[in-house]
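Please read the following note with the model open beside it. The points are numbered so that each may be checked in turn.

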Amino acid sequence: MRHRGVEVAVTPALSSFDAQPFVSAGFRVLEHLHLLAYRLDRRDDHAFLSAHDEQANAITRSLRQGRPWHRRVVLDIDQRAFEPFWQFDTNSLAEARRATPTARYRVALDGRTPIGYAVTGRAGDRGYLQRLAVDPDHQGAGVGRALVHDCLRWLYSKGAGHAMVNTQERNTRALALYEHLGFARQHEGLVVLRWTAT
Ligand SMILES: CC(C)(COP(=O)(O)OP(=O)(O)OC[C@H]1O[C@@H](n2cnc3c(N)ncnc32)[C@H](O)[C@@H]1OP(=O)(O)O)[C@@H](O)C(=O)NCCC(=O)NCCS
């Protein structure tokens, strides 16, 4: 890569098995991620299938398909919710939506303004919560939970068997949200690797 003028290269999230060739080629661990899974068994007592309370219902009613005119505010939310390295731009948002054969892009609205968004993908039997971010000014009010419930409801309705999500080990808030909603931490996590020319 060096001879092509590449200074830095970063992998997607990899299992330790898939990481091996990169490590042998000189990549180093940039971030450890937890991998969590939710089993979408065919049963009718999933929390995401039933109403919670008025506040949760109001947020759920505000969810809409993400549209091109939401993008500026969605990216602004993303940039305020994530630290610089993980922030999305127009391309990464489009890539997240294209990463699987089908995807759902939802925004939570306050009036007409997005205050959170989620991208969920599905490939066959498996679903992936690809991205979730809530405006820091609106966190802790149930928006994240409503977006995750919407993701699970959609995957369930499409017959998916599992929903997967990964999150940085130090993202205790996201971890608390996912575990609280019934995701189980998998024994083996994932890693993101980085290679630098120096
Ligand atoms: C993680 C995030 C999406 C949560 O969204 P949110 O709207 O604040 O979450 P909610 O208000 O719906 O909270 C749902 C659950 O999360 C947990 N939670 C929320 N705020 C919390 C806090 N301050 N501390 C610990 N746990 C918290 C609780 O388990 C809560 O359950 P409860 O409502 O029954 O108490 C939001 O904090 C965020 O955008 N963070 C930055 C981006 C990010 O990390 N995205 C996920 C990457 S994998």
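Against which strands do the buried residues of helix 3 pack? The points below begin with the basis of the model and then take up this question.

1. This is a predicted model, in which local features need pLDDT of at least 70 and side-chain atom pairs count only at pLDDT 80 or more, while totals for chains, interfaces and linings use all residues. Residues are numbered from 1 along each chain as its sequence is written. Helices (H or I, at least four residues) and strands (E, at least two) are DSSP runs, numbered from the N terminus.

2. Helix 3 spans residues 71-81, and its buried residues are Val74, Ile77 and Asp78. They lie on the same side of helix 3, because they cover an arc of only 100° around the axis; the arc is that of the directions from the helix axis to the C-beta atoms. An α-helix has 3.6 residues a turn, so residues three or four places apart point the same way. A residue is buried if 20 or more other C-beta atoms lie within 10 Å of its own, exposed if 12 or fewer, and partly exposed in between, with C-beta atoms placed from the backbone.

3. In answer to the opening question, the buried residues of helix 3 pack against strand 4 (102-110), strand 5 (113-123) and strand 6 (126-134). Contact here requires that the C-beta atoms of two residues, placed from the backbone, lie within 7 Å. Arg72 and Asp76 are exposed, on the face of helix 3 turned away from its buried side.

4. Strand 4 and strand 5 run antiparallel and are joined by nine bridges; two strands pair if DSSP finds at least two bridges between them. Thr102 stands opposite Arg122 in strand 5. The hairpin of strand 4 and strand 5 has two residues between the strands, and Gly111 takes a positive phi near 70° there. Strand 5 is largely enclosed by the rest of the structure, because nine of its eleven residues are buried.

5. Strand 5 is also antiparallel to strand 6, with eight bridges between them.

6. Strand 6 pairs with strand 7 (residues 162-168) in the parallel sense, over three bridges. The chain crosses from strand 6 through helix 5 to strand 7, and this β-α-β crossover is right-handed: with the strands pointing away from the viewer, the path from the first strand over the helix to the second runs clockwise.

7. Around the ligand there are 19 residues, the closest being Gln139, Gly144, Arg145, Leu177 and His180; a residue counts if its C-beta atom, placed from the backbone, lies within 6 Å. Helix 6 gives the most to this shell, with five residues.

8. Is helix 1 (residues 16-24) enclosed or in the open? Helix 1 lies largely in the open, because the number buried among its nine residues is zero.
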